[in-house]
Amino acid sequence: MTARHRPVRTCIGCGQKRPKDELFRFVAADGGVNHEPVSEGRAAYTCRRLSCFERAVAHNAFSRTLKVSVRVDRELSRLYT
């Protein structure tokens, strides 16, 4: 019996590699960032820790990873509680 492959992504906050289903997924939309678990397009991922989200915001990692200038609504931090 073969084990199923789990896609791995890198957290833009801490840089750790984790299975995709253990991370939050964000996509650029209308000049901002939306939490979209399933949608098309380039995505940025963070661990499910608030510190990773805050670090990504502080270091402009969303814009750099998504390759477009975006604003990040601090209300997205509610996902981490």
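I take a residue as partly exposed when its relative accessible area lies between the limits for buried, under 20%, and exposed, over 50%. I note that the model is a predicted one.

**Entry 1: R6 and its partners**

I looked up R6 under this criterion and found a relative accessible area of 42%, so R6 is partly exposed. In one of them, the side chain of R6 meets that of D21, with an N to O distance of 2.8 Å. I located D21 in the loop between β2 (17-19) and β3, and R6 in the segment before β1 (8-10); the two residues are 15 residues apart. R6 also forms a salt bridge with E22, where the closest N and O atoms are 3.3 Å apart. E22 lies in the loop between β2 and β3, so its pairing with R6 ties together parts that are 16 residues apart in sequence.

D21 is exposed at 54% relative accessible area, whereas E22 is partly exposed at 34%.

**Entry 2: the pairing of β3**

I next examined strand β3 (residues 24-29). β3 runs antiparallel to β4 (residues 32-35), and four bridges join them. Within this pairing I found V27 opposite N34, and A29 with G32 as its bridge partner. The two strands form a hairpin with two residues between them, and D30 in the turn has a positive phi of about 55°.

I also followed β3 to β5 (residues 43-46), to which it is joined by four bridges in an antiparallel arrangement. There I noted Y45 as the bridge partner of R25.

Note on methods:
Residues are numbered from 1 along each chain as its sequence is written. This is a predicted model: local features need pLDDT of at least 70, side-chain atom pairs count only at pLDDT 80 or more; totals for chains, interfaces and linings use all residues. Side-chain values use heavy atoms; hydrogens and water are left out. Two strands pair if DSSP finds at least two bridges between them. A salt bridge is a side-chain nitrogen of Lys or Arg within 4 Å of a carboxyl oxygen of Asp or Glu. Buried means under 20% relative accessible area, exposed over 50%, partly exposed in between (1.4 Å probe, protein chains only).
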